[in-house]
Amino acid sequence: MIWEYLREEEFDAAIKASAGVCVVPVGCMEKHGQHLPVGTDSILATEIARRAAAREPVCVFPTIHFGEKTGAGEFRGTVIFSNELRQKILEETCREIHRNGFHKILLFNGHGGNQSMLSQFARSTLYEDAGYLIYDYAPGSDFPTPNKLLSGNYGSLTKEDKDVLKAYVEAKKRYGHACFIETGWIYASHPELVRLDKADQESGSSTHRFDEFTKRKINSPFAWMADYPNSYAGDMHDGMNERIADAMMEYSVTKTAEVFRFLKEETISEDYYREWQKKQNGC
């Protein structure tokens with residue numbers, strides 16, 4: 001169920017079918033090498049969420065395209081909003097979703113850099129006694145790696161496709177950002193936006209400038225940008241095609257539909273929320 005496609009009179013049925021769960025895809029606008037569009041994270045979050053909702057009905061809200069990209073303004077196409085504005089957009093979006101009858105809101109995150117922002121926002125709602133529950137999930141938390149595709153049942157994959165995936169594994173290729181996997185996700189839904197001929201135009205290897213920080217588990221806001229100055233982290237690989245891309249998408253849609261089903265059926269978070277409210281109110 002896509003929020004903007006529903007007629008007004010259909011919302012009561014949508015709330016019932018979704019068990020009150022509304023999913024908000026959250027992405028960003030940032031460079032993804034030279035072979036993927038700047039909207040990659042928004043596109044993949046939207047596409048995976050909508051396909052999963054077609055299997056396990058939830059309501060999918062219009063995508064929030066502008067996530068955390070502070071400090072990356074040197075690349076054209078990047079859109080950077082202030083922390084205050086992003087927080088306000090999340091607050092008012094969730095408030096309106098709840099006002100329309102949904103009580104569980106899943107922030108479906110397509111961009112790794114959004115994680116701290118979403119976690120901070122979710123915690124901030126606890127102080128308001130908002131009346132709704134916030135969760136976040138990222139398809140990138142369970143990447144459809146070549147190993148997973150090889151061990152799964154994807155009948156459309158040919159022997160040649162499996163050889164491509166095996167070669168990726170054997171060569172110890174890396175995945176991360178604008179990599180083989182993100183390329184596959186976009187290729188599965190918008191192949192016209194992918195330029196495989198430009199995949200090796202820039203390096204996706206680390207400069208290792210912040211390796212000593214990583215070794216010591218010290219976080220720095222500069223680390224990722226300094227280590228990957230091309231906004232590209234990981235490896236591409238020859239052989240990407242429609243069948244491999246579709247298998248990657250299928251893996252992620254299946255996992256996401258399972259997440260949707262769980263949130264619709266679980267009561268643990270709701271029970272604890274009521275307990276927590278009583279503690280806060282001194283009851």
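Is C94 buried or exposed in this predicted model? C94 is buried, at a relative accessible area of 1%.

View 1. The number of disulfides is zero, because a pair counts only when the two sulfur atoms lie within 2.5 Å. For C59, the nearest cysteine sulfur belongs to C22, 4.7 Å away, and C59 is in no disulfide. C59 has 0% relative accessibility and therefore counts as buried. C94 is in no disulfide either; the nearest cysteine sulfur to C94 is again that of C22, at 8.6 Å.

**View 2. The largest nonpolar core.** Nonpolar side chains tend to be buried together in soluble globular proteins. The largest nonpolar core in the model holds 50 residues. The members that touch the most other members are V23, L106, F108, F180 and I244. Strands that give two or more residues to this core are strand 1 (21-26), strand 3 (104-109) and strand 4 (133-137). Helices that do so are helix 2 (40-55), helix 6 (159-170), helix 7 (180-189), helix 10 (242-265) and helix 11 (268-280). Helix 10 contributes the most, with 11 residues.

**View 3. Surroundings of I244.** I244 is among the core residues that touch the most other members. Leaving aside residues up to four places away in sequence, I244 touches L149, L157, D161, V164, L165, F180 and G239. F180, one of these contacts, is also listed among the core members that touch the most others.

View 4. Another core, of 24 residues, lies apart from the largest one. Its members include L6, V26, F61 and M117.

Terms used
Residues numbered from 1 in each chain as written. Predicted model: local features only at pLDDT ≥ 70, side-chain atom pairs only at ≥ 80, totals over all residues. Heavy atoms only, no water. Buried < 20%, exposed > 50% of the residue type's maximum accessible area, 1.4 Å probe, protein only. Core = buried A, V, L, I, M, F, W, Y, C linked by side-chain atoms within 4.5 Å. Helix = DSSP H or I, 4+ residues; strand = E, 2+ residues; numbered from the N terminus. Contact = heavy atoms within 4.5 Å.
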